[in-house]
Amino acid sequence: MPDVPTPFSAPINAERLQSLMEAVSTFGGGPDGSMTRLTLSREDGMARDWLGRWFAENGFEQAVDAIGNQFGKMTLAGANAPVVMVGSHIDSQPNGGRFDGALGVVAACEAVVSVTERLKAEDRLSACNFQIVNWTNEEGARFQPSLLGSSVFTGAADLEWALDRTDGDGISVRQSLEEIGYAGKDKVEIPDALIELHIEGDTTLSRAGERFGIFTRFWGATKYRLAFLGRQAHTGATPMADRKDALLAAAYLMADLKQISTEHGLDLHTSVGRLEVYPNSPNVVPAEAVLFIELRSGSPEILAEAERKIKIKIDEAALKAGVTSEVRSIDRRKAGPFAPGLIALAENAAARLGQTARRLDTIGGHDAVAVSDVCPAVVLAVRSRDGVIHHPTEYTSPEDQALGTQILADMLYKIACEGLQAAEVSEAAE
Ligand SMILES: [Zn+2]
């Protein structure tokens, strides 16, 4: 960290950040570094209560919505000023780590407080208000699906449907929210931008000898459940030319899928993870083969192109094997870029601190992926030791935590001083 504040820097207090990190880790933390703070559990409730007290003590106004998303608003500008949301999640996996999610929430707290202090010290008005967020059930460990709170917030998931999700013991989200006192009634508006700091959870940064990254793209997936339909026959008596072998068509297609992936380098993952064969007998020509196909990419264009190619290959495989095909279901999760304006803002903030900002893809989910549907969003990443995530040995050093938090604070400070046009967010939203 620079000793002299540079322009557009709101120096954070690294000790205060560490004490926040230690405080939140007492709820569900074990001596070995483990963390078990399943969403809406007793531990999660206690951590939320702690965060709510911290909000009250530090000038934030708490709001809780109907799916239990917990917000803390710092009002620095007029009621109609833009709102920049910043945060992550404090739920964890069972026997997970301390930093996944929780760092993003406490870093948001520290960054907003630092920016507020700096603005006050300079007697400067802010162009925006800040809203800290702790999303409900990011992990999807206790209730499925993951990203439940952020998906309800954006309207992508139905509230009543989400409240009816049950855990392994048959306890619903609704009951759990009531039990810990977080069945809220507040209506929180979609913000004008969302910034999330998260641990990388991978080894790209450490292998490059770098400390900071920006997730610039999120991967999407196209999932097909496809059936080839042939004719059941004896594998001995039936002449080869008369066979309609559904499994043979599946084999042709699986080889083609691999070929399609090689045509797109590292940007496309393809798989058939499951195959159901009927009647699945050693001496019966298969009448039906159902393939569970996945195409994954960070590029919407590549996903669409791969889907176009696979449709052609399905027809070719069916023709070659003398069978027909039937698409039983298609499930699409879109790929896309995060907001270019926020990415540039993060790159500039990192550069001012003498840090590179490596561009990363997120293949798994983040709440910011859900929110990027409705407003400009970005996820910043600090390196994880050995790339470990969802394990007690998950670790990000205090220095790296402070670096990510400082970059976050500097971004927020620049937006506070210059408005969201500092991040060219209107361009990013197009
Ligand atoms: Zn996370």
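H89 is buried, and D100 is buried too. Keep in mind that this is a predicted model. Both residues belong to the zinc site. The zinc ion takes its protein donors from H89 through NE2, D100 through OD, and H198 through NE2. In sequence, the spacing reads H-x10-D-x97-H. H89 and D100 both sit in the loop between β3, residues 83-88, and α3, residues 102-122, so the pair ties together parts that are 11 residues apart in sequence.

Next, the cores. Which residues have the most contacts inside the largest nonpolar core? They are I195, F338 and L412, in a core of 83 residues. Helix α3 supplies the largest share of this core, with 12 residues. Take I195. Setting aside residues up to four places away in sequence, I195 touches V84, M85, V86 and G87, among others. Its contacts also include L342, V378, L380, L408 and L412.

Start with α1, residues 14-25. It has 12 residues and runs 16 Å from first C-alpha to last, close to the 16 Å expected. Its buried residues are L17, Q18, L20, M21, V24 and S25. Viewed down the axis of α1, they fall within an arc of 160 degrees, so they line one face of the helix. What do they pack against? The partners are α2, α3 and α12. On the face turned away from the buried side, α1 carries the exposed residues E15 and E22. At the start of α1, a side-chain oxygen of N13 comes within 3.1 Å of the backbone nitrogen of E15.

Helix α8 is next, residues 246-262. Its 17 residues should span 24 Å at 1.5 Å a residue, and the end C-alpha atoms are 25 Å apart, which agrees. The buried residues of α8 are A246, A249, A250, L253, D256, L257, I260 and S261. Down the axis of α8, they fall within an arc of 140 degrees, so they too line one face. They pack against β7, β9, β11 and α9. At the start of α8, a side-chain oxygen of D245 reaches to within 2.9 Å of the backbone nitrogen of L247.

Last, the backbone. Most residues other than glycine have a negative phi, and most peptide bonds are trans. Here are the exceptions to look at. The peptide bond from Q144 to P145 is cis, with omega near 5 degrees. P145 sits in the loop between β4 and α4. Another cis bond joins Y278 and P279, with omega about 0 degrees. P279 is in the loop between β9 and β10.

Then positive phi. L40 is not a glycine, yet its phi is about 65 degrees. L40 lies in the loop between α1 and α2. Is L40 buried or exposed? L40 is buried, at a relative accessible area of 3%. H390 also has a positive phi, near 60 degrees. H390 is in the loop between β15 and α12. H390 is partly exposed, with a relative accessible area of 38%.

How values were computed. Residues are numbered from 1 along each chain as its sequence is written. This is a predicted model: local features need pLDDT of at least 70, side-chain atom pairs count only at pLDDT 80 or more; totals for chains, interfaces and linings use all residues. Side-chain values use heavy atoms; hydrogens and water are left out. Donors are N, O and S atoms within 2.8 Å of the metal (3.2 Å for Na, K and Ca); water is not among the atoms, so sites may look incomplete. Helices (H or I, at least four residues) and strands (E, at least two) are DSSP runs, numbered from the N terminus. Buried means under 20% relative accessible area, exposed over 50%, partly exposed in between (1.4 Å probe, protein chains only). The expected span of a helix is 1.5 Å times one less than its number of residues. The arc is that of the directions from the helix axis to the C-beta atoms. Contact means heavy atoms within 4.5 Å. A polar contact is a pair of N or O atoms within 3.5 Å; within protein, one must be able to donate a hydrogen and the other to accept it, and residues adjacent in sequence count only if both atoms are side-chain atoms. A nonpolar core is a set of buried Ala, Val, Leu, Ile, Met, Phe, Trp, Tyr and Cys residues joined through side-chain atoms within 4.5 Å.
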